[in-house]
Every structure is written in C-alpha cells, then in structure tokens.
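Colleague: I have just opened this entry and would welcome a guided tour. Could you take me through it step by step?

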Amino acid sequence: MSNCNVVLAGVGGQGILLAANVLGSAAAKEGFNVRVSEIHGMAQRGGAVVCHMRIGDRVHAPTTMEGEADVIVGLEPVEALRNIKFASSQTWVLLNIEAIIPSTVSLGTAAYPSLQTIMKMIRLFAGKIVTIDAADLARKAGSVIAQNTVMLGALVATKKLPMRLETIKNAIRELVPPKYVKMNLEALELGYGVLRNSDEKRRDELDK
Amino acid sequence: MVSSKVLLEGASGKRFLLLGNEAIARGVLEAGVGVVTTYPGTPASEIADSISAVAPDAGLYMEYSTNEIVAIETAAGAAMCGVRALASMKHVGLNVAADAFITLAYVGVRGGFTIITADDPYCYSSQNEQDNRYYALLANVPCLEPSNPQEAKEMVSYSMNISEKLELPCLFRTTTRVSHTRGPVVFGPLKQPKLKGNFVKDVKRFVMVPAHARIQHKALLEKMERAKKISEESLYNKIVRNGSGMGVISSGAAYNYAVEAIDFLDVDASVLKLGMTFPFPEQKIVKFMEKHDQIVIVEELEPYLEMQVRAIAKNYVPHVKIHGKTITKYFPRFGELSTRLVVEALAKIAGKALPVAIKEIDEKYTQVSESVPPRPPVLCPGCPHRASFYVIKTVTKNRAIYSTDIGCYALGIQPPLRIGDTLVCMGASIGTACGISKVIEEDVVAVVGDSTFFHAAIPGLINAVYNNHKVTLVVLDNLTTAMTGHQPHPGTGKTGMKTRARKILIEDVARACNVKYVKVVDPFKIKEAMKTLKEGLKTRGPSVIIFRQPCALLVSSEKRRKGEKIVPVKISEKCTNCRVCIEAFGCPALYVENDRVMVNEALCTGCMVCAAICPYDAIEAGGSLDE
C-alpha cells in the first residue's frame, strides 16, 4: 500500500487533536502503521493548529512533505490556505466554510480574504475542493462544537482512507466522552452524506 | 487522550496508539519505577500527567515537585536508596536542575535513575531551542535518544538497566516530534514497582566535600569507560540499511526524516541509527565509516553527533568526507528538520536533481502567503489575565516597564494589551525588575504566574525586599499551572497522587518575605483592582499584588460538568461603536461584522469584564442561550 497522508488544519479549540486521534486510533485498530503529529502548549491558545495523520508501511516521520498530502481537511478556510503547500494536483481539499476571524483581523492589522479568493488560491495547488457548511450540519447533529466530526465524516467519504467507517465509529465511541458519542456519530454521518450527495449532484450536473 | 485505564490495564502483547509521552509513561510502568517526579513543561508534560492518572492504582509514588531541581533531587534521593526513580522535565528545566544533575553523576545511584529532557526544536512552546545532548557530555552520563513512541517506551527499561549496571543517572532525550507524535506501541508486561528501599550510609560516596568529589570524579570516568562498551554493543546503535553509496548517521526524530528522504529520492545509502548517543560507539562508527567515502550526518539543532564523528574520523579514517552542519553546511543549526530539508540536502550531496514540484509549490505559495492573515495564539476568552493586563496598563498609563515571565500570560505581549518588555526564564520577571528599577526612573511592574511564583520567583522577591528595590510584583494567580495542562502546584491544595494537601498561600509567602504591601484582589472587579494596584505602586520598596481568579478553561469545564449554562454577554442599543472592548481589551469573543460589534456566543464565557470597561454601559448579561 502506498502512504496515505492527511493534513488537518484549523484553530486551537476546534477539536483537531481529537479528530486526528480518532483517525490514528482507527488506523491502529486495523493494524496499519500510523503516525499522528500534534502541537501542544502555547500554540493551542486560539492559534493556528495543524495535525498530520500518516498511514503506511514506510511511514516514519510524523509530518507530511510539501505536495504529498492526499487530503487537506480545512476546519477553517484560511487555515486550509495556510497549509496549502502540502497539496498537489492529486490532493483533495475539504473546506469548512465557517470562518473564525483572527485577532489580527479584528484589530485591523490584517485582512481576511473572501471565500472566493481563498478557493481560487487553493485551486492553484489542489486538484479538488469540496466546500462544507460544517457548522450547519453540526448544529443539526446537536451542537456547533461537532464541526470536527462532520469534517471527519466527509474525509471518510473521500475513500482516501484505508479504514472502514465502522472502525472510525468505534474509535469515536472510545475517545469521545460518553454523553457526546451519539451527537458525534450523527455528525459523522451528516459529514459523510454531504460529500456523497455533492458527488451525486456533480454527476447529475455533468449528465445535463 | 488515551485513557489512563489503557496505560495500566492494556495487556502485554497488545498494540495501542500512544503519544510518545504516554508510551514513556507505559515504559515507566513496565520498568517497575517506584518514584516519578516532575515540574510540568511542554513538550514533557504528558509523561508525568499520565503517571499521575494511574499512580495510586499502579502502586508507585508520583509528585509535581516545586521546580526541576527539587524534582531531580527528590528522585535521586529515592534512587540512592535503591528504588528506581525517574524525573521528567522540558529542556530548559534541566538548566534549573543542572546544579544537582552534574554532581549527581559523581554521587551516582543504587536504584535506576532516568532523567528525561524533552527538547523543543523550533521553540513551539519554549524560550529557546537548546540541544540538551550536551548535558550528557558535560555531566558525563549516558544519553539515550528514542525516535518514535515504541522506542521511547522500550528505552525506559533499557535506561534503568544501564543506570543500575553503572550506578549512574541516565539522560533520556526526546524532542517535540517524539513526545508529541502518536504511533502504535506494543505493550510488554508490567513490573511491580519497588517502593521501599534502604539507605546504606557511605560518606565518601554520598557526601561531595572536595576530598570525596576528587575521588568520585575519577570513579565517574571509570564508569563511563564501561559505558562505552555498552554503547558499542547496544542494539539501539545499529545499521538499519545497507547500501553501497553514502553512509548516513542519524538519531532521534531526525532519523525518521532521513529514511523517508532516502526513499523519496531513491538514494543508494547505508544508515547507521544511533539510539545511545553518549558515550559514542566509536568502533562501530569507525567500521561504518570505513565502508563509505561520504558520510552524511542528519541531526536536529547542534552538530552534536557531527563533532564526535569528525573527531573519530580524524584519528581513524581521515580520507572520508563528512557532511553535516559545519564546513559544507548542508543542514541548518536551528529549527526543526523535515523530510523536505533532508531531501534537499541529500539531493545536493548525491548530485541528484530535486523533484521540481517542491520549487513550484514554493513559488506559488509566495503568491498566496501574503493573503493569509497571521493567527498568533491569544489569551482565551474570559481569561483573567486579560483583565489583569487591562488594569495594569490603564493604571500605569502604559508608561511603566513590564517584566513578564513563563506561562500563558506571556501572550499578554500581543496587541492590544502589549504587556511584556522582558521575558527570559522562569522567575526572571522579578530578578530583572530589580536591576531595571535600580537604574531607571519609571515604575517597574514584574508579572508572574502562581506556579512560576512557587517555582522560581521567591528568591527574587526576597532579593527585592532585602535590597529594597522599588518593584511591584503582580502575581497572576489563576489557581493552576494553566499553560501545560492544569497541573497542581503548592497553592492548589491538590497533589500528583490525587490527595488533598494544605494550600500554601502566595500572600502568606510574600508577607513572610517581609513585603510590607501585600494585597489580594479579583481582577474581574476592575475598579477595586485598579485602586489596589495604584496603592501598591505608591508604596516605597517592593509591593506584591495578587490578582486571583481561576483559569477560564477550568471555570467552563466545571460549569459543563455541573450542567450549568454559560451565559454570554449581549450588546445593547447603547453601543456607540467606540470599540474600546475590541481595541483596548481585545477579547476574541468580540468581533466586528458589518461595522458593528458582535458577540461570538460560542466563545464568550460571560466574565462580564467587557461590560465593566464599556464606557457606555452597552454590554449586558444574557445573550441568547440556544444550542
């Protein structure tokens, strides 16, 4: 099997570490060699956070090389763009459209680009981009905090991961506090569904 | 994040996904360690935190010591009595502990003693990126360097065995990318910790007066001759790949990048992986070098391996070309390595063309990077430090000099608060403030956290009092060690063994140090806090103001646990759009949309400080509560 490299990018507090841990645990459960990189400490305090999850027999390093990501999961639009160096024309970018405004923008020292601009720039690097309203779907699942799991669901639907959906559900059951398990499983399904539906929609459009 | 149950109950032979630090904790349980000590610090924290979670059930003793030197001394005391002991800390913690560490090599141990230093290349969460492998060289103790979680677990037992064989402490060096990488770890059997030892008196060995130290220094050098043999024979110093081209020598996290870069470029190379990097396996390295014309040393930070390899090469194989950080300078001496950096270096050395893709990506990225707004870490919404800094800044009219310290509150340097003119190391806020106040006219305000106060600020405070420095020390007491994951400290009333202890109050300590003006105030009560600070600044000689309010993360998780609602603020029609709440206070829960101040209800903790500082009383309690 060739390596599978996933880059998860977002903001401290969005549950990126948990999402990466769910993926890593699921991979380990199925017997794959896996590495997950994490960032702790100062960087976590509302700053830009990136986690890499890598699966494969020849994987040693915890981080992906530039241009080598199979999927970039952007939990926040500009954070996907910040990490777009890991993408190539083979890469899928899953983009949560819910923006979180950085302090530099609130204070007027920097500007937040429009979603159109962000997507245009992402297209310079990545082969495929899928936008997802994860906040809306997370609310449908029960709480806006489940956006990370919605994005995981979409990631599973890309079929780029070697693990089964059921194994990922089991990892959620183990790693998420019991009272949030049901909500997260629902969020996972909603995320999974949106990508599948958008694929079908795209096919319909092509047919026309 | 792996449950503590897994660490203790995971069956031998089973495979689990563990963080490097959690793997070390499992290694501790498999090595029968009886005493574990620490002072928290990224990237080391989860080692001791994981132990703390299981210590009572596992039957070992664990403590959060006041600081790193106390941690090392406590663990060493147990090891002197024949109990296996481990002290873990971040790299700069070993500076604090160095006085004990270096002489402990003379004294030695009876039970195994491992000191973990977690280095932080690229300073992800640190004030410097020093390479602590040099401490092994300086103190003359063995050094082990795991490169992944599995090895990190195994090397705990290995280091304990070496330590007992030589009766020497062992230095165990990880880096951020080993400590904070998750990987599969196969468990071994647990070993019942030995908690009780006996102290066999031996003055010549344990009492380092000059006459004894001279003798023990020689004994240490003899021990390290024996350590050389261990290193030569160590299974952790092994050739993992045989090729006919260049020879690559690497260790730790750097090894992972090296092998992937070799694969990526399809370079014909042999690889010698070093897991025990002091003393150096000299003969093994000579033999490896004899087979190659070119040797490439792939390591992070300092040319530590390289200098030793060069010294060996000069004596045995002077014709071999050596590439690393010095002379040919293929690798940087700062920051962390990456597969990409090693790919670029190896391509140059091997005369291979670089895959063009990387350059193309770089060029394209320079076009987009300007459009990406920076997102530095910030104080959390509801953080009491923000209120404290607002008070300090307002009262001093931003004209004082502010020396700050190590902790979340270092983020106070960010706009709009910008409190922090000097930051050096744990406790330096008060020390540097003494010197600054002696030679300038402006007010000097030193800012220190509660855990840091106990760790390192007390000698500085005594100095300020006794030598009469006109310094105001503001203790930001959020009742926890927040930055590193909310560990207990002597002011919290909790211990690493989950027992209760009598709290030591910072105000009592300050008064005992003869500080005349000591006040405790809640920074959320803005007016009262301002009045108190004003008074403190007016006193002659040092004053101590303790701003006490629990960490916002603790408060919200407590509320969630109890099922209490967090009530966000709302902006009323009185808002004139003056934006003091954003431009002077800077809470991340407040933002501007369509030219109006808005509240991010998911972030707001309802601390009400923005309401207190709003000049138009336009912020009120009770925003919407849906979700």
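Modeller: Of the 627 residues in chain B, 55% are buried. Please keep in mind that this is a predicted model.

Colleague: How many helices and strands does chain B have?

Modeller: Chain B has 23 helices and 23 strands.

Colleague: And what does the chain span along its principal axes?

Modeller: The C-alpha trace of chain B spans about 80 × 70 × 55 Å along those axes. Its radius of gyration is 27 Å, which agrees with the value near 25 Å for a compact globule, because that is what the rule gives for 627 residues.

Colleague: What share of the contacts in chain B comes from residues 24 or more positions apart?

Modeller: Such residues account for 77% of the contacts with a separation of 6 or more.

Colleague: Let us turn to a sheet. What is the strand order in the open sheet of five strands in chain B?

Modeller: The order is 15-16-17-19-18, and the pairing is parallel. Strand 15 (401–403) and strand 18 (517–521) of chain B are the edge strands, as each pairs on one side only. From one strand to the next, the twist averages 20°.

Colleague: How many bridges join strand 18 to strand 19 of chain B?

Modeller: Five bridges join them, and strand 19 covers residues 543–548 of chain B. Within this pair, B:Val520 stands opposite B:Ile546.

Colleague: Which strands does helix 17 of chain B touch?

Modeller: Helix 17 (residues 428–439) packs on the sheet and touches strand 15, strand 16 (444–449) and strand 17 (472–477) of chain B. The direction of helix 17 makes about 175° with that of strand 16. Helix 18 (residues 450–466) of chain B also packs on the sheet, touching strand 16 and strand 17, and its direction makes about 135° with that of strand 16.

Colleague: Now the other chain. How many residues does each chain give to the contact?

Modeller: Chain A gives 54 residues and chain B gives 53 residues. On the chain A side, the elements that give two or more residues are helix 1 (16–29), strand 2 (34–37), helix 2 (77–82), helix 3 (103–106) and helix 4 (115–123). By class, that side has 27 nonpolar, 19 polar and eight charged residues.

Colleague: Which strand of chain B is joined to strand 2 of chain A, and is the pair parallel or antiparallel?

Modeller: Two bridges join strand 2 of chain A to strand 8 (residues 181–186) of chain B, and the two strands run antiparallel. There, A:Val36 stands opposite B:Arg182.

Definitions and conventions
Residues numbered from 1 in each chain as written. Chains lettered and ligands numbered in written order. Predicted model: local features only at pLDDT ≥ 70, side-chain atom pairs only at ≥ 80, totals over all residues. Contact = placed C-beta atoms within 7 Å. Helix = DSSP H or I, 4+ residues; strand = E, 2+ residues; numbered from the N terminus. Nonpolar A, V, L, I, M, F, W, Y, C, P; charged D, E, K, R; others polar. Pairing = 2+ DSSP bridges. Axes fitted to C-alpha atoms, helices over the stretch in contact; angles between N-to-C directions. Rg over C-alpha atoms; globule rule 2.2 N^0.38 Å. Buried ≥ 20, exposed ≤ 12 C-beta atoms within 10 Å, placed from the backbone.
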